[in-house]
Amino acid sequence: MKLPSVVVRSYSLELRDQDGFVGDNASQTAFRELLDRWRRRRSRSGDDPLGDKPSTALSKDEIDRKLHSQTDDPAADIVHGAVEEFSVELAHVIRRHLRQKSWEGVRRIVIGGGFPDSDVGERVILQTGAMLHNEGLKVELARLCHEPDDGGLLGWLHLAPPQMLTGYDAFLAVDIGGTNVRCGIVKPRRARAADLSKARVLKREKWRHADEDPKQKDLLAGIVEMLERNIRRAKKKGLSLAPFIGIACPGLIREDGSIARGAQNLPGDWERDTFHLPSHVHNKIPTIDGRPTLVMLHNDAVVQGLSELPFMQDVRRWAVLTIGTGLGNASYRNRG
């Protein structure tokens with residue numbers, strides 16, 4: 001929680017209202033449910049303009065195309081209606097977070113996760129920001145400065161032990177979500193920028209595991225296979241790979257690397273006392289280039305937010321909301 005240049009003030013807050021967890025209304029899952037409700041209203045008076053495919057099966061591109069349809073297109077009306085309603089929900093979620101002590105003084109909120117990586121997501125961010133501005137709230141909404149799929153990997157630049165960033169060309173990172181797993185080779189490129197703003201992901205794999213509905217053991221095996229492939233890739237490229245693997249996943253992470261709560265969107269029980277993800281990965285990959293492997297685990301929203309650290313030096317207090325299968329949150333205070 002306390003890093004050399006930033007303090008993680010809070011993460012994985014579980015805020016409630018009379019309807020349950022506040023964040024449940026501002027996830028990708030919630031947007032698809034809103035889209036379904038708008039479709040049902042419209043189909044009462046005729047055919048569904050979005051066709052027979054369920055909302056959960058519609059791709060981002062398909063929904064974006066409807067967003068940009070002619071103004072008299074009934075399908076466009078449905079998407080615009082869902083965007084408007086979701087923006088209202090997201091604004092409510094942000095207001096609730098800003099009332100928390102750990103979010104006091106936050107002046108910029110980065111919206112991460114997979115949702116902003118679409119025209120619909122960008123429209124939601126713009127509309128939500130306009131709502132908050134009109135209410136007089138002095139908070140700015142921003143998108144990630146890099147590819148959304150890279151955020152949960154690049155954030156490990158600020159969590160990895162310093163010796164893992166010097167003397168090596170790159171290291172491995174994994175981002176586990178309720179729908180996708182991302183695994184990549186991260187190159188710090190400190191010679192180009194001491195603040196790590198020029199770091200990049202050299203190679204990234206993305207596995208949409210939700211389509212396969214794997215059991216926990218199958219998901220874990222797939223993650224190990226992704227890591228092993230990237231170790232081979234790094235060797236083939238002649239990269240000196242640090243003996244380090246950073247893993248981001250949903251939930252509240254204890255100091256010993258176990259998961260206390262919040263991993264309900266992952267298959268199986270990740271919170272049981274007998275399960276320790278870093279140890280599992282270490283047992284499968286005990287060494288990298290002959291050196292003992294260090295495996296660390298942290299919350300996915302924290303890691304994704306930290307990927308923005310080099311670009312947050314003009315504000316003292318800032319935060320991240322990650323809109324994915326669920327809604328992740330983290331808030332930060334820059335030190336110094």
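These notebook entries record what I looked up in a predicted model of one protein chain.

**Entry 1. Ground rules**

I worked on a predicted model, in which local features need pLDDT of at least 70 and side-chain atom pairs count only at pLDDT 80 or more, while totals for chains, interfaces and linings use all residues. Residues are numbered from 1 along each chain as its sequence is written, and side-chain values use heavy atoms, with hydrogens and water left out.

**Entry 2. The chain as a whole**

I began with secondary structure and found 8 helices and 16 strands in the protein chain. Helices (H or I, at least four residues) and strands (E, at least two) are DSSP runs, numbered from the N terminus.

I then looked up the overall dimensions. The C-alpha trace spans about 65 × 45 × 40 Å along its principal axes. The radius of gyration is 20 Å, which agrees with the value near 20 Å that a compact globule of 336 residues would have. That radius is taken over C-alpha atoms, and the globule rule is 2.2 Å times the number of residues to the power 0.38.

For burial, I noted that 53% of the 336 residues are buried. Buried means under 20% relative accessible area, exposed means over 50%, and partly exposed lies in between (1.4 Å probe, protein chains only). The chain exposes about 15800 Å², and carbon and sulfur atoms supply 45% of this area. Accessible areas come from the Shrake-Rupley method with a 1.4 Å probe; for residues, only the protein chains shown count as cover.

I also checked the sequence range of the contacts (heavy atoms within 4.5 Å). Of the contacts with a separation of 6 or more, 71% are between residues 24 or more positions apart.

**Entry 3. Cysteines**

How many disulfides does a search of the whole structure find? I recorded 0, with a disulfide taken as a pair of cysteine sulfur atoms within 2.5 Å. I looked at C249 in particular: the closest cysteine sulfur is that of C183, and at 14 Å it is too far from the sulfur of C249 for a bond. C249 counts as buried because its relative accessibility is 0%.

**Entry 4. Salt bridges**

I found 16 salt bridges in the structure. The criterion is a side-chain nitrogen of Lys or Arg within 4 Å of a carboxyl oxygen of Asp or Glu.

I examined D149 and R204, whose closest N and O atoms are 3.8 Å apart in a salt bridge. D149 belongs to helix α5 (residues 148-154) and R204 to strand β8, so this pair ties together parts 55 residues apart in sequence. D149 is buried at 12% relative accessibility, whereas R204 is partly exposed at 31%. Both residues also belong to a network of salt bridges that links D149, D150, D175, R182, R204 and K206.

I turned next to E205 and R229, which form a salt bridge with the closest N and O atoms 2.7 Å apart. This pair links distant parts of the chain, with E205 in strand β8 and R229 in helix α6, 24 residues apart. E205 is buried, with a relative accessible area of 14%, while R229 is partly exposed at 28%.

K217 is exposed, with a relative accessible area of 56%, and D218 is partly exposed at 34%.

**Entry 5. The loop residue D211**

Where is D211 found? I located D211 in the loop between β8 (200-207) and α6 (216-236). Is D211 buried or exposed? Its relative accessibility of 56% makes D211 exposed. The side chain of D211 makes a polar contact of 3.1 Å with that of R208. A polar contact is a pair of N or O atoms within 3.5 Å; within protein, one must be able to donate a hydrogen and the other to accept it, and residues adjacent in sequence count only if both atoms are side-chain atoms. I also noted that the C-alpha atoms of D211 and I111 are separated by 25 Å, the two residues being 100 residues apart along the chain.

**Entry 6. Two residues of helix α3**

I located S87 in helix α3 (residues 74-98), where S87 is buried at 0% relative accessibility. Leaving aside residues up to four places away in sequence, S87 touches V124, Q127, T128 and M131.

R96 also lies in helix α3 and counts as buried at 15% relative accessibility. With residues up to four places away in sequence not counted, R96 touches L15, R16, D17 and V22.
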